[in-house]
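Subject: Structure for you to look at

Hi,

I am passing on the structure we talked about, with some notes from my first look. Please have it open while you read on.

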Amino acid sequence: MKRKVIITIIILISCLWVAVTINFNRPSSQQVQDETQSSQQPRPKFTDQQIGVLAGLAISPEWLKQNIAANQLVYGIVKPSDTVPAGVDDYSYLVAADDQDGTTIFFKAEGQTVIIKYTSQRNTKLKAKALTLSQLKKEFYQTRSQKREVDDYVAGLRTE
């Protein structure tokens with residue numbers, strides 16, 4: 001009888017030791033959550049206007065900067081009554097109010113990708129380019145001064 005009690009105690013201690021060892025070596029739920037969040041690439045949070053400015057910087061930075069400086073850059077969302085090229089019905093756009101060179105940049109975010117369609121210098125055929133939000137962020141919205149510059153451009157947009 002005494003032997004059974006000793007064996008039971010030894011088994012209990014062994015089980016307890018194994019349980020403590022497993023829990024000690026297991027990462028905490030916070031560590032698992034942090035690792036999961038850092039391995040997933042969260043979508044950068046941008047407004048539609050910021051995406052437009054980033055698209056403008058990617059396609060024609062000098063055009064964007066000149067028209068912002070002249071208070072001529074207009075941001076809008078294509079409406080059903082607008083006359084626009086085929087395939088941009090649900091896009092937003094940037095256009096110069098004076099429209100001297102015919103440049104128009106249409107853009108829309110689809111998940112992680114920004115689809116950009118644009119015309120320039122009176123070329124009516126749309127060109128297309130797809131960039132990820134992460135690419136745009138890395139190239140144009142990384143440093144404090146870049147963020148301030150983009151946000152200042154957004155503040156300078158006119159709306160229709």
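Below is what I found, going from the whole chain to a few single residues.

First, please keep in mind that this is a predicted model.

**Overall layout**

The protein chain holds six helices and six strands. Starting at the N terminus, the order of the elements is α-α-α-α-β-β-β-β-β-α-α-β. Of the 160 residues in the protein chain, 31% are buried. If you take the contacts with a separation of 6 or more, 45% of them are between residues 24 or more positions apart.

**Two packed helices**

Have a look at helix H3 (residues 48-59) and helix H6 (residues 144-155), whose axes are 9 Å apart and meet at an angle of about 110 degrees. Angles of 65 to 115 degrees count as roughly perpendicular, so that is how H3 and H6 are placed relative to each other. The crossing of H3 past H6 is right-handed. On the H3 side, the contact involves Gln 49, Gln 50, Val 53, Leu 54 and Leu 57, and H6 brings in Val 150, Asp 151, Tyr 153 and Val 154. Sorted by class, six residues in this contact are nonpolar, two are polar and one is charged.

Asn 67 sits in helix H4. Is Asn 67 buried or exposed? Its relative accessibility is 9%, and buried means under 20%, so Asn 67 counts as buried. Apart from neighbours within four places in sequence, Asn 67 has contacts with Gln 72, Leu 73, Ala 96 and Asp 98.

Further along is Asn 71, in the loop that links helix H4 (61-69) to strand S1 (73-77). Asn 71 is not a glycine, yet its phi is positive, at about 55 degrees. With a relative accessible area of 43%, Asn 71 is partly exposed.

**A side-chain pair**

Which side chain does the side chain of Asp 90 make a polar contact with? The partner is the side chain of Lys 108, at 2.9 Å. In sequence, Asp 90 and Lys 108 are 18 residues apart, while their C-alpha atoms are 7.8 Å apart in space.

That is everything from my side for now. Happy to go through any of this with you.

Best wishes

Notes: Residues numbered from 1 in each chain as written. Predicted model: local features only at pLDDT ≥ 70, side-chain atom pairs only at ≥ 80, totals over all residues. Heavy atoms only, no water. Axes fitted to C-alpha atoms, helices over the stretch in contact; angles between N-to-C directions. Helix = DSSP H or I, 4+ residues; strand = E, 2+ residues; numbered from the N terminus. Parallel < 35°, antiparallel > 145°, perpendicular 65-115°, else oblique. Left-handed = near helix turned anticlockwise from the far one by under 90°. Contact = heavy atoms within 4.5 Å. Nonpolar A, V, L, I, M, F, W, Y, C, P; charged D, E, K, R; others polar. Buried < 20%, exposed > 50% of the residue type's maximum accessible area, 1.4 Å probe, protein only. Polar contact = N/O pair within 3.5 Å; in protein donor to acceptor, adjacent residues only side chain to side chain.
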